[in-house]
Every structure is written in C-alpha cells, then in structure tokens.
There are 2 protein chains.
Amino acid sequence: MPKGDLPKTRRGRARREQILRAAEEVFGEAGFAAASISEITRRAETAQGTLYIYFKSKEEIFRELVVEMGHLTRTVVTRALDPGATRLEAERAGLAAFLHFVAERPALYRIVEEARFVDPAAYRDYFTTFAKAYEARLKKAQADGEVRPGDAEVRAWALMGMAKALGERYALWGDPAEIDGVVDEAFALVREGLAP
Amino acid sequence: MPKGDLPKTRRGRARREQILRAAEEVFGEAGFAAASISEITRRAETAQGTLYIYFKSKEEIFRELVVEMGHLTRTVVTRALDPGATRLEAERAGLAAFLHFVAERPALYRIVEEARFVDPAAYRDYFTTFAKAYEARLKKAQADGEVRPGDAEVRAWALMGMAKALGERYALWGDPAEIDGVVDEAFALVREGLAP
C-alpha cells in the first residue's frame, strides 16, 4: 500500500486511527525524541509490523499528526460558524472553538509546536496554509465592508499569534472554565482595539 | 565560584560572555539535543575545563540564554520608549523594537521556543514574568485613561502572542526591510481593532 493513502477496509482504517491516537498520546507526553514506536504499538495494542503497514517511520506518524491538527482546527473553527455570521462574529466563534479544542487535545497543540524543531517544513507549512486561508477571509470581509481596511496578511498572522498565546496560557496552563471570559475580552480587543 | 554568579575579573566576564555567544550560535543552528559542549568551546576558543568554571552543564548554559533573552527583550523594548510616551505610542515602539531585535538575534528566539521542550519551567517563567510586567503597564494606562477599560492580563497575553507570531513570520522568515510596514499595520489593529 502506498504510504499516506487511507486503508481500503474499515478494519484497516480503524487500526490506522488507533495507531494515530496512541501516537498523539505518546508524542504529547514524551516529546518526539523520547517517543518510541514500541510504546506507540503497545498503547495501540498492535504489532510493530502492523504499524509499518500504515506508516514508514516515526517521522511520518509525527508529520501525519501535524497535518491532522491542521484539518481538525479548520473543521472545528468552521463548524463553530453560523453560515450567516459576519466576519467579526466569526472571529469570536472561531477563537472560542479553537481555545476549547486546545483544552481538549493539548497533545496536538504541543506536537505542532515541536514540529518547529522536528520537521521545520511541516511547521512552516502548517501556519502558512492556515494564514493564507485566514487572509482570504479577511480580504473578503474588507471588500464586504465588514472590517476596516488594512493589510489582511499582517492581520491574519497577528490574530493567529493571539489565539496561539491565549491557547497556551488559558487552555493548556489555565482553567478551561475561564475560556469563555477570555474570549469575551480578547474579542473586545480585536473588535475595538485599545484606543480610548 | 558559585555557578550563576558573574566572574569577578574583567577577563573572566569576557570569557563567560564568549562562551554564551558561542552557545547561542550552536544551540540556534543545531538545537539543544545536537549541540555539544565541545562544539561550543571550539567556537568560543576555550578549553572545556574553562567552560565548567562558569557553567555546570549544557542545560545551565541553555537556561542562562533563556534568561538573557528575557533581559535583552525588556531592555530593547524599554530603550525604544520615549519617557513621555503614552501607552499606545509605547505599544508601537515596543513592537518595532522587538521585531528588529528578533531579526538581529534569531537564535535567541529559537532558543526560547525550544525551551518549551528542553526546560518547560524556564519557558513558562519567561512568558509569565514578561506578561506580569506587561499587565501592570496596561493597568496603569487604563487608570490614566490612555487605553479603554478591559482585562489587562488577557490583553498582555494576546499582544505578546501577536508580537511572537509577527516575529516568526516577518523577522525570522521574511525580509527585515518589511518590518516597519508590518508594525504600522499591526499597530493600527491594536489601536483601532477590526470593526468598521
């Protein structure tokens, strides 16, 4: 089977999924260097040979998790949106969805951050892809008069950075019960700025 | 000599400084795990025994660089400020100073980010200390009517995250000549927000 393709059978897909979830746990706890294939297969309750049907290497599993985090983040953020929402409403809902998601899947957040060192190309690709899509949405909102004119690329990176730092402070290190209050405050900053 | 204290002689301080600059280079290029004491002493043109007069271990040198990045960032940002500046003017000058500093010392940025994995306590301490000071300045500005009322802690983390992401995109990966334009755009967002 060409690596990277999804298995054809339901059982194969379930096994691949089991391996990814075990890997998410192990990478999240131990970090990339200390994580071992044998620990991943132990937790996935699979033979090592089975793992190698689906993935070439530890590196490939790690990269797959980074890509997965990208898909999941986009899905979670998109699902949180009311289809008729304005861009500002979408900013608020997207930030809330992202912070709750980080609180639920802290290992994936950590894996993406570790990718900066383990797989710099995957790391850069992750954020660049996300920023490009974000930029396009901000440009459209500008054209529709929903946000003030401004450089959509700079805004996309600034807003992503804000969400990332708030995710670290409040979703990873803090009390998830605080998240909704944090979203209110951060959204007020994004909407109105600091000027009195 | 108790480790962590500065050497008493000028020559000792110069040697310690040489070791730190070599370590900044080596950690920045190779990352913590691949960096070796022997490569650091080779570039510092020092004997290994000399290095151990000043530092207990590779871990201690790494931690010292994280602490140094904290001091330097605060110094660079503070120096950029006109003493009579309002908080909003200070936000702009601070962001510009930070982005130019990241462009000049990319290895230090990378070292702080790697600290999340190498020395999580130092990483968390770095950002928590910075955020506390930032929060205090924002609170004062609020009391002085220079910024709109709002949660200073959330704002501090949001603004730090913004600076960090812009540093990565424009100071590490981009063209430093773009930095001033990026500061203009990011500052407009911080001042006025997105609302039309």
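**Exercise 1.** Is B:Glu60 buried or exposed?

*Solution.* The model is predicted; local features need pLDDT of at least 70, side-chain atom pairs count only at pLDDT 80 or more, and totals for chains, interfaces and linings use all residues. Residues are numbered from 1 along each chain as its sequence is written, chains are lettered from A in the order in which they are written, and side-chain values use heavy atoms, without hydrogens and water.

Step 1. Set the cut-offs: buried is under 20% relative accessible area, exposed is over 50%, and partly exposed lies in between (1.4 Å probe, protein chains only).
Step 2. B:Glu60 has a relative accessible area of 13%, so this residue is buried.
Step 3. Check its partner. B:Glu60 and B:Lys56 meet in a salt bridge, 3.4 Å from N to O. A salt bridge here is a side-chain nitrogen of Lys or Arg within 4 Å of a carboxyl oxygen of Asp or Glu. B:Lys56 is exposed, at 55%.

**Exercise 2.** Which residue forms a salt bridge with A:Glu60?

*Solution.* 
Step 1. The partner is A:Lys56, with the closest N and O atoms 3.3 Å apart.
Step 2. A:Glu60 is buried at 13% relative accessible area.
Step 3. A:Lys56 is exposed at 56%.

**Exercise 3.** Which parts of the chain does the pair A:Glu68 and A:Arg21 link?

*Solution.* 
Step 1. The two side chains form a salt bridge, 2.8 Å from N to O.
Step 2. Locate them. A:Glu68 sits in helix H4 (residues 58-79) and A:Arg21 in helix H1 (residues 10-34), both of chain A. Helices are DSSP runs (H or I, at least four residues), numbered from the N terminus. The pair is 47 residues apart and links distant parts of the chain.
Step 3. A:Glu68 is buried at 14%, while A:Arg21 is partly exposed at 24%.
Step 4. Widen the view. A network of salt bridges links A:Glu17, A:Arg21, A:Glu24, A:Glu68 and A:Arg105.

**Exercise 4.** How many salt bridges are there between chain A and chain B?

*Solution.* 
Step 1. The count is 6. Over all chains, the whole structure has 40.
Step 2. Take an example: B:Glu168 pairs with A:Arg116, their closest N and O atoms being 2.2 Å apart.
Step 3. Find the elements. Helices H5 (87-104), H6 (106-118), H7 (120-143), H8 (152-172) and H9 (179-192) of chain A each give two or more residues to the side that touches chain B. H8(A) gives the largest share, 14 residues.
Step 4. Sort that side of chain A by residue class: 23 nonpolar, 5 polar and 17 charged. Ala, Val, Leu, Ile, Met, Phe, Trp, Tyr, Cys and Pro count as nonpolar, Asp, Glu, Lys and Arg as charged, and the others, Gly among them, as polar.
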